[in-house]
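Please open the model in your viewer and keep the sequence panel beside it. The tour below goes from one selection to the next and says what is found at each stop.

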Amino acid sequence: MSNLTAIHYNPDVLSCLANLSNDEVFTPPDVANQMLDILPRGLWQDKHARFLDPVTKSGVFLREIAKRLIVGLEDTIPDLQERLNHIFTKQLYGVAITELTSLLSRRTLYCSKWAHGKYSICTAFDNPEGHIVFERIEHTWENGKCLFCGAAQAVYDRTEDLETHAYRFLHTNHPEEIFHVKFDVIVGNPPYQLSDGGYGVSASPIYDKFVLQAKKLTPRYLTMIIPARWFSGGKGLDDFRHEMLHDNRMRAIHDYPEASDCFPGVQIKGGVCYFLWDRDNPGDCTVVTHRGDKVGDPAMRPLLEQGTDTFIRYNEAIDILKKVRNAQEESMEAYVSSPRPFGLRTFFHGRKTVQPNDVLLYENGGTSFIERNAITRNTTLIDQYKVFIPESGSGSDSFPHPILGKPFIGEPNTACTETYLVIGPYASENECQNVVSYISTRFFRFLVMLKKPTQHATSKVYSFAPVQDFSQPWTDAKLYAKYGIIPQEIAFIESMVRPMETGAGPNG
């Protein structure tokens, strides 16, 4: 940058804001504009179109919409001040998530934290809020949970000097009464989760509730940016996933498997996506994947492939999965245990010294011993050959992924805590070795990846992986040949999944 350029360089302050938290993320201006770009261009010339951001934080969406309308309505309303007053009083509306963000959003949109202040670029308001409103709302508690958002009373029943996180747009059965306006477009970036009072940092998603509430207002268009784990998993998201994937008004999904490509410096497991819901034009969905600075080729396709119950996020994976499913083989899911296979929690630790009638226990951080009679669940598995695999897979957000932790053989007289899942049982150590060879292939872990939105790998993420003949070992080359995987498909698989690290056992 030259000295002259540096002197005149004026960065967009909204691109410099630090996020409140990983679940309340400010939207960068360039991302906001990408989302607005998927809306019909004719909206920017329509002086009757009305826009709502029901979860405004920085005001970036409303500002960028205003900039487009200021240009688009120039011929219709030539006088600039008249045009500004019309846009701000007739077309743009926002519901702030906190009092602080209401002030920030007004400053962004009106150039004044008070809409009717002397510095406001809108001269038509006679109230300080303008059309960016905030009202402190209290949760409605029943049996320890909020009836509207599911927040835990133990966490969010707070005094007046603390933020309640009771968002106004959600805490009503009649969101249309906030403004008494019919909206053409709803756009936003909702809060992502709330602590649910569970063990540790347990949290439940809340973004799904904002999407469904927005749909109740039946706008012509709805676009929001949300975590992408709803594609195939996520706590409490089964009904939401079913609703979204069976809605043929979902017409575009832009997918960021690595959230940092969209929100620099932010890690959101499973990535993020933004979508376009088009009320009046049902049909197939255009799917685009963004990885780094590369934008994949768009593909128009159904949200649900035949015989699946989850969204396949990668266009390149569709034909690969079809080849596998055409073989009509049994799924590995049936051989993978439920969480906590022997009834022992992750934080359980056995004895370090062995006693008569003890079982070797694989636990978090190593091994110990436990009395056989202390195990009450799946006791028949104790004396059988099996394969253990970490329940929590890779936490990495960079490609290629390892996808899963390393599997290892569980010999007879062994058990595990919920740190691991059990695969099997099998008749011999040799069969277990061949199962491990299969799991270690990139091909197997690629199929798992298609249903694994976070680091947790429960049994259902194995449903696309077929059972093989485990009287023989397996390699990627053998699997590629068996299913007719062509070179460009192999290249895609291997760009997504890294080789399994060598070494056996739970510690290396």
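Begin in this predicted model with the open sheet of 3 strands, whose order is 16-15-19 and whose pairing is mixed. Strand 16 (366-371) and strand 19 (414-416) are the edge strands, each with a single partner, so one side of each has no neighbour in the sheet. From one strand to the next, the twist averages 35°.

Next, select helix 9 (residues 317-326) and helix 11 (residues 442-449), whose axes come within 11 Å and cross at roughly 110°. The two helices are therefore roughly perpendicular to each other. Showing side chains here brings up Ala317, Ile320, Leu321 and Val324 of helix 9, which meet Phe443, Phe446 and Leu447 of helix 11; by class, this contact has 7 nonpolar residues, with no polar and no charged ones.

The remaining stops concern the backbone. Most residues other than glycine have a negative phi, and most peptide bonds are trans. Arg340, in the loop between helix 9 and strand 15, has a positive phi near 55°, and this residue is partly exposed, at 30% relative accessible area. Ile403, in the loop between strand 17 (385-390) and strand 18 (408-410), also has a positive phi, near 75°, but Ile403 counts as buried, at 5% relative accessibility. Finish at Pro425 in strand 20 (residues 420-426), where the peptide bond from Gly424 to Pro425 is cis, with omega near 10°.

Notes
Residues are numbered from 1 along each chain as its sequence is written. This is a predicted model: local features need pLDDT of at least 70, side-chain atom pairs count only at pLDDT 80 or more; totals for chains, interfaces and linings use all residues. Side-chain values use heavy atoms; hydrogens and water are left out. Axes are lines fitted to C-alpha atoms, for helices over the stretch in contact, and angles run from 0 to 180 degrees between N-to-C directions. Helices (H or I, at least four residues) and strands (E, at least two) are DSSP runs, numbered from the N terminus. Angles under 35 degrees count as roughly parallel, over 145 as roughly antiparallel, 65 to 115 as roughly perpendicular and the rest as oblique. Contact means heavy atoms within 4.5 Å. Ala, Val, Leu, Ile, Met, Phe, Trp, Tyr, Cys and Pro count as nonpolar, Asp, Glu, Lys and Arg as charged, and the others, Gly among them, as polar. Two strands pair if DSSP finds at least two bridges between them. Buried means under 20% relative accessible area, exposed over 50%, partly exposed in between (1.4 Å probe, protein chains only).
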